[in-house]
Amino acid sequence: MQRHTTLGEFIIGNQKDFPYAKGELSALLSSIRLAGKMVNQEINKAGLAEILGKFGSDNVQGEEQMKLDVLANDLFISTLRSRGEICGIASEEMEDYVSFDEDIHKDAKYVVLIDPLDGSSNIDVNVTVGTIFSIYRRISEPGTPVTLEDFLQPGNKQVAAGYLAYGTSTMLVFTTGNGVNGFTYDPGIGSFFLSHPKMQIPEDGKIYSINEGNYVHFPEGVKKYIKWCQELDPATNRPLTSRYIGSLVADFHRNLLKGGVYIYPKGTTAPKGKLRLLYECNPMAYLMEQAGGAASDGYTRIMDLDPTELHERVPFFCGSKTMVAKAEEFMDQYRD
Ligand code: P6P
């Protein structure tokens, strides 16, 4: 019987592609895989929160129900802490980073940055949400507590990145610098199976994803690009199609498969944009470039930006190379 490769078999079969000592990546990814399964289970029953009392209120046992993003954060921290590969973690849910200083972490080489549940406000309307993660080698001395500099590294130093998409199916999509592979979770078996090998985004596309409700706040170059997308020109396949889910992982994943560009620009209400450089834009930029696409802040490659703060925001243009280049053309022409 022909069957898909499991995540574990894939890692064993592709050890040459992983810039890690044998086994480290599989241990790291198995923590992420385990936490992903647990988060997935909580999300799938979120609709029942009505019966059990809304998250953030007391349930029938009078226990405080955690908000799902706080719960997801705790699940990822506890599973990653239980492994010896990670010496620290920074998260969208926490003001400061956490250093793992137990004995098992004394030889740990890697730090993780994570958005444990991006788009969580969409859960109660049953829209796909996701976990986004980014992995770096530590630069501080092994055996010492991690430092802020371990986390403030440019995206071009990432050793791995990926996301879990909790949607119509649950998927794990990641890269270690040798292409992008997607794994679909089979809840009946409890394993992730290779369903999307060597993912590549189409060079060009017809989909542009942006919250046009903020049009009045956008930079002139973005306004001009949007109008360009909407012009009638069959020779260049226009008008394009507008698709915006309002959940980065969902919009990114659809564009990765079909071609398209996602833009969250700066604006008068979001002077530096909304998305976070370290645990949203850098990991998604790494994946996108590994899939043959591009990611910039409208002018500069995202992965070449030097971070200065853990939660800093940047404008984000990400998707098919031709589409990102076109948007950057307008940004260059109409600098404001
Ligand atoms: P807006 C979710 O809050 C998020 O961080 C991304 O997942 C999503 O793409 C974006 O913000 C949506 O923001 O301002 O359009 O609602």
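The following legends describe close-up views of a predicted model.

Local features are reported at pLDDT of at least 70 and side-chain atom pairs only at pLDDT 80 or more, whereas totals for chains, interfaces and linings use all residues. Residues are numbered from 1 along each chain as its sequence is written, and side-chain values use heavy atoms, without hydrogens and water.

**View 1. The two domains of the chain.** Domain 1 covers residues 7–196 and domain 2 covers residues 207–333; these bounds come from an automatic or database domain assignment. Their centres, taken over C-alpha atoms, are 24 Å apart. Contact (heavy atoms within 4.5 Å) links 46 residues of domain 1 with 30 residues of domain 2.

**View 2. The five-stranded open sheet.** Helices (H or I, at least four residues) and strands (E, at least two) are DSSP runs, numbered from the N terminus. The strand order is β10-β9-β11-β13-β12, with mixed pairing; two strands pair if DSSP finds at least two bridges between them. The edge strands, β10 (241–242) and β12 (294–296), each pair on one side only. Strand β12 runs antiparallel to β13 (residues 316–319), and three bridges join the two. Within this pair, A294 stands opposite G319 of β13. Helix α9 (residues 321–333) packs on the sheet and touches β9, β11, β12 and β13; its direction makes about 150° with that of β13. Such angles run from 0 to 180 degrees between N-to-C directions, with axes fitted to C-alpha atoms, for helices over the stretch in contact.

**View 3. Helices α7 and α8.** The axes of α7 (residues 248–258) and α8 (residues 277–290) come within 12 Å and cross at roughly 10°. Therefore α7 is roughly parallel to α8, a term for angles under 35 degrees. In the contact, L248, V249 and F252 of α7 meet E280, M284, L287 and M288 of α8. These residues comprise six nonpolar, no polar and one charged; Ala, Val, Leu, Ile, Met, Phe, Trp, Tyr, Cys and Pro count as nonpolar, Asp, Glu, Lys and Arg as charged, and the others, Gly among them, as polar. Helix α7 also lies across β9 (207–209), β11 (261–264) and β13, running at about 165° to β9.

**View 4. Two backbone features in loops.** Most residues other than glycine have a negative phi, and most peptide bonds are trans. The peptide bond from R238 to P239 is cis, with omega near 10°; P239 is placed in the loop between α6 (220–230) and β10. N126, although not a glycine, has a positive phi of about 60°, and N126 lies in the loop between β3 (110–118) and β4 (129–137).

Technical notes. Parallel < 35°, antiparallel > 145°, perpendicular 65-115°, else oblique.
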